[in-house]
Amino acid sequence: MALSMLLNWLKEENKEPLIELLVKAGSDSESIGNCPFSQRLFMIRVVFSVTTVDLKRKPADLQNLAPGTHPPFISFNSEVKTDVSKIEEFLEEVLCSPKYLKLSPKHPESNTAGMDIFVKFSANEALEKDLLKTVQKLDKYLNSPLPDEIDNNSIEDIKFSTRKFLDGNEMTLANCNLLPKLHIVKVVAKKYHNFDIPKEMTGIWRYLTNAYSRDEFLNTCPSDKEVEIAYSDAKRPTK
């Protein structure tokens, strides 16, 4: 079915697209495992038919479906898409209704805010120092007012942002990308390094508090146990 035909059919029939999302299975081989890329897609709030894939014994039919690739990937109308960015582009075209999450942020800088947190996150003795620098940078961005928070006609000087998320008060793709990774860092750093994001970083805690209040984030988070198992090699080396 061509994309234009699909869009017309969905509009006329008022139906949800039937899209199968295949994701990494958890340690029990059935539940949803720790994978920030899968959660990133879940958070777009599409009605997926979800299949978990045990990477230890990937079924032959799935190997034929997407040879040489690992979840997440989607299957729609016998077409398979394996690149997360391409999947998002496809969903944005298909799910153009206002009822769905607006994917693109208004402010381009929101796309890169916090992107170095996951890169810097590693199991080494300098973790706390490196991680602290990156979260401070994100905290500064979250506390800095965006242009549309500033009223140039007001005599009041807005020094701190009160927005809920990276780009404003609504979820965008930038949040779908960052929040799963930030959650992993928070869980693993606490478990294996006894490191907590400082409470004085009010921007990050406001951001996380608002995120955990949203179903599309909270209900798609893997359990802390799954995150801890996935990053068990991040334990401090025994001295």
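Analyst: A residue counts as buried under 20% relative accessible area, as exposed over 50%, and as partly exposed in between, with a 1.4 Å probe and protein chains only. The model is predicted, so local features need pLDDT of at least 70 and side-chain atom pairs count only at pLDDT 80 or more, whereas totals for chains, interfaces and linings use all residues. Residues are numbered from 1 along each chain as its sequence is written, and side-chain values use heavy atoms, with hydrogens and water left out.

User: What share of the protein's residues counts as buried?

Analyst: Of the 239 residues, 45% count as buried.

User: How many helices and strands are there in the protein?

Analyst: Helices (H or I, at least four residues) and strands (E, at least two) are DSSP runs, numbered from the N terminus. The protein has 10 helices and four strands. From the N terminus on, their order is α-β-α-β-α-β-β-α-α-α-α-α-α-α.

User: Where does Pro147 lie, and is Pro147 buried or exposed?

Analyst: Pro147 belongs to the loop between α6 and α7. Its relative accessible area is 55%, so Pro147 is exposed. Between the C-alpha atoms of Pro147 and His107 there are 8.9 Å, although these residues stand 40 residues apart along the chain.

User: Is Leu146 buried or exposed, and which residues does Leu146 touch?

Analyst: Leu146 is also placed in the loop between α6 and α7. With a relative accessible area of 3%, Leu146 is buried. A contact means heavy atoms within 4.5 Å. Not counting residues up to four places away in sequence, Leu146 touches His107, Tyr141, Arg163, Leu166, Asp167 and Gly168. From Leu146 to Ser161 the C-alpha distance is 7.2 Å, across 15 residues in sequence.

User: What share of the contacts between residues at least 6 apart in sequence joins residues at least 24 apart?

Analyst: The share is 70%. One strand residue also illustrates separation along the chain: Ile74, in β3, has its C-alpha atom 9.8 Å from that of Thr51, 23 residues apart along the chain. Ile74 counts as buried because its relative accessibility is 0%.

User: Which residues have the most contacts inside the largest nonpolar core?

Analyst: A nonpolar core is a set of buried Ala, Val, Leu, Ile, Met, Phe, Trp, Tyr and Cys residues joined through side-chain atoms within 4.5 Å. The largest has 41 residues, and those with the most contacts inside it are Leu138, Leu166, Leu179, Ile204 and Tyr207. Two or more residues each come from β1 (19–24), α2 (36–42), β3 (73–76), α4 (84–94), α6 (127–143), α7 (173–193) and α8 (202–212). The greatest contribution is that of α7, with eight residues. This core lies between domain 1 (1–94) and domain 2 (108–231), because both give residues to it; the domain bounds come from an automatic or database domain assignment.

User: Which residues does Tyr207 touch?

Analyst: Leaving aside residues up to four places away in sequence, Tyr207 touches Leu142, Lys164, Phe165, Leu166, Asn175, Leu178, Leu179 and Leu182. Another core, of six residues, lies apart from the largest one; Val187, Val188, Tyr192 and Tyr231 are among its members.

User: Which residues line the largest cavity?

Analyst: On a 1 Å grid over the protein atoms alone, a cavity is a set of points where a 1.4 Å probe fits but cannot get out, and lining residues have an atom within 4 Å of a point. Grid points are joined across faces, edges and corners, and a volume is the space filled by probe spheres set on the points. By this rule there is one cavity of 30 Å³ or more, and the largest cavity holds about 30 Å³ of space. Its lining consists of Ile32, Gly33, Cys35, Ser38, Gln39, Phe42, Thr220 and Pro222.

Note on methods
1 Å grid on protein atoms, 1.4 Å probe; cavity = no way out; pocket = protein on both sides within 12 Å on 5 of 7 lines; lining within 4 Å.
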